[in-house]
Structure formats: structure tokens, C-alpha cells
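Subject: A structure to look at

Hi,

Here is the structure I promised to pass on to you. Have a look at it first, and then read my notes below.

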Amino acid sequence: MALVETDWPAWQRSWDRQQEWYMPDREERFRVMLDMVEAVVGPEPRVLDLACGTGSITDRLLRRFPGATSTGVDLDPALLTIARGSFAGDDRVTFVTADLKDPDWPELLPAGPYDAVLTATALHWLHSEPLAALYGQLAGVVREGGVFLNADHMPADDTPRINAAERAHRHAAMERARDGGALDWADWWKLAAGDPALAGPTAERFRIYGEHADGDTPTAAWHARTLREAGFAEARTVWSSPSDALVLALR
């Protein structure tokens with residue numbers, strides 16, 4: 001019987017749709033992220049896609065900047081399986097399996113430094129102390145004049161009523177979308193577990209992480225301050241929504 005090839009780009013698109021259920025402005029964040037990469041380091045950057053997942057940033061990076069290169073680093077075996085399948089044969093892309101909580105993880109990377117380190121909706125899995133330590137490591141991974149960009153959940157901590165109103169409004173829209181067939185996180189992983197090509201990596205992924213390893217969601221001001229303390233010359237928010245922000249740090 002002939003083997004059926006897995007449609008990795010379809011899995012990539014499925015992951016994107018699932019993430020958009022939580023973040024309908026996700027593409028806008030990516031657009032601003034790449035705008036700032038081009039503004040600071042030009043259209044052919046050497047990029048580290050940090051906590052890369054399925055390679056969503058790398059996909060958008062290479063479509064916009066064909067002369068760029070990307071090294072994706074992650075620990076999740078299921079998402080890395082999709083990433084490696086999606087970019088198989090593209091010599092601009094390399095993937096590395098590494099745990100960002102391991103102090104030696106930068107040693108697993110191809111020789112640096114990098115023009116840009118990019119990450120989105122990933123580092124909230126870390127608590128503040130290991131995240132600050134990671135920022136200190138990144139100061140040695142980004143070249144002088146290079147850039148780090150982190151897009152993530154960064155709600156303000158001094159506007160509880162605004163936060164509650166925004167959250168209620170956003171979750172009502174999410175429920176309407178789910179009624180229309182949108183997949184949430186749990187539903188997506190059930191699909192992945194049922195695919196023969198992803199069943200093993202998905203089981204391993206849950207052995208590593210459990211159901212969901214939420215860390216902290218400090219404010220954008222905390223991120224900018226901590227990045228400056230870690231050795232970046234400048235840092236500030238360059239985009240925000242009511243609940244998320246994109247912080248840029250210049251080395």
C-alpha cells in the first residue's frame with residue numbers, strides 16, 4: 001500500500017488559524033515586527049526564530065525577505081515536526097531542538113551573532129526570573145546594532161476595569177467564532193494526536209510540558225526595563241493592542 005504524504009503546510013495553516021482564534025490581530029503584529037527588522041537591520045537579516053513553534057515567523061520572514069536566513073529553536077517535538085516538514089529542502093532554514101531554560105542552550109545554535117532575534121506568543125510560558133535570565137543570554141546572541149522583538153501577552157497592571165472589559169469583549173467574539181467551527185488549543189491538539197505522523201511527537205510534547213505551562217505576563221514596561229538591564233541599549237513598545245504588545249530592544 002502506498003504511503004500517504006503528510007501535508008505539512010496544511011498543518012502550518014491549521015496552527016495559524018488556531019492561534020488567530022486567540023489573537024485576531026496576529027498578522028498585524030507580524031507585519032510591524034518585520035517592518036522594524038527591515039528598518040533596523042535591512043531586508044536580508046540573519047534571524048533567530050526563538051521558541052519558533054511551527055515556524056510561523058520564519059514563514060512570513062522568508063516570504064517578505066527572500067534573502068533572509070532563519071534558525072528556529074524550540075523544544076516542542078510536535079511543532080518542530082511540522083516546522084521541519086514545512087521547510088524541508090529550504091537551505092535558508094535550520095531548526096534546533098533546545099530548552100530555553102537550559103543555561104547552555106545558545107551553544108547548540110549555529111555560530112552567531114544574529115542580526116535579529118524574533119519571538120511571538122511564546123515567552124509567557126516562562127516566569128519572570130528565568131525570562132530575565134534569558135534576556136541576559138540574548139544580549140550575547142544579538143550583534144551590536146541588531147534587534148530583539150518580542151510580541152506577547154503584556155496587559156497593563158494598573159487598569160483592572162479596562163482589562164476586564166476588554167477580556168469580556170474578546171472572549172465573547174471567541175465564543176462566536178467557536179460556534180462557527182473555529183478550533184481552540186485543546187481541539188487542535190486532539191487533531192494532532194489523531195494524525196499518524198504527529199501522534200508520537202504530540203505524546204512526547206505532553207510528557208515534556210503537561211497541559212499548559214503558563215508562566216508570567218509582566219507589563220511591556222517590565223520587558224523594556226529588563227532588556228535594558230540585560231545589556232540592550234534601547235527598548236520600548238513599538239505596537240500594542242488592548243492586551244498584547246510588541247517590544248523592541250536594540251543591542
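Thr 121 is buried, with a relative accessible area of 16%; buried means under 20%, exposed means over 50% and partly exposed lies in between, using a 1.4 Å probe and protein chains only. Thr 121 sits in the loop between strand 4 and helix 5. Its phi is near 50 degrees, a positive value in a residue other than glycine. Ala 51 also has a positive phi without being glycine, near 55 degrees, and is found in the loop between strand 1 and helix 3. Helices (H or I, at least four residues) and strands (E, at least two) are DSSP runs, numbered from the N terminus.

Before going further, please keep in mind that this is a predicted model, where local features need pLDDT of at least 70 and side-chain atom pairs count only at pLDDT 80 or more, while totals for chains, interfaces and linings use all residues. Residues are numbered from 1 along each chain as its sequence is written, and side-chain values use heavy atoms, with hydrogens and water left out.

Which residues does Gln 19 touch, not counting those up to four places away in sequence? They are Arg 26, Thr 121 and Trp 185, where contact means heavy atoms within 4.5 Å. Gln 19 belongs to helix 1 (residues 8–22) and is buried, at a relative accessible area of 9%.

Now for the helix pairs. Two packed helices are described by the angle between their axes and the distance between the axes. Axes are lines fitted to C-alpha atoms, for helices over the stretch in contact, and angles run from 0 to 180 degrees between N-to-C directions.

Helix 1 and helix 4 (residues 77–86) pack at about 130 degrees, with their axes 8 Å apart. That makes helix 1 oblique to helix 4; angles under 35 degrees count as roughly parallel, over 145 as roughly antiparallel, 65 to 115 as roughly perpendicular and the rest as oblique. From helix 1, Trp 8, Pro 9, Trp 11, Gln 12 and Trp 15 make the contact, and from helix 4, Leu 79, Thr 81, Ile 82, Gly 85 and Ser 86. By class, these residues are 6 nonpolar, 4 polar and no charged. Here Ala, Val, Leu, Ile, Met, Phe, Trp, Tyr, Cys and Pro count as nonpolar, Asp, Glu, Lys and Arg as charged, and the others, Gly among them, as polar.

The axes of helix 2 (residues 26–41) and helix 3 (residues 56–64) come within 11 Å and cross at roughly 55 degrees. Helix 2 is therefore oblique to helix 3. Residues making this contact include Phe 30 and Leu 34 of helix 2 and Ile 57 and Arg 60 of helix 3. The contact of helix 2 with helix 3 has 5 nonpolar, 1 polar and 7 charged residues.

Gly 136 and Phe 232 are 96 residues apart in sequence and 8.9 Å apart in space, C-alpha to C-alpha.

Happy exploring!
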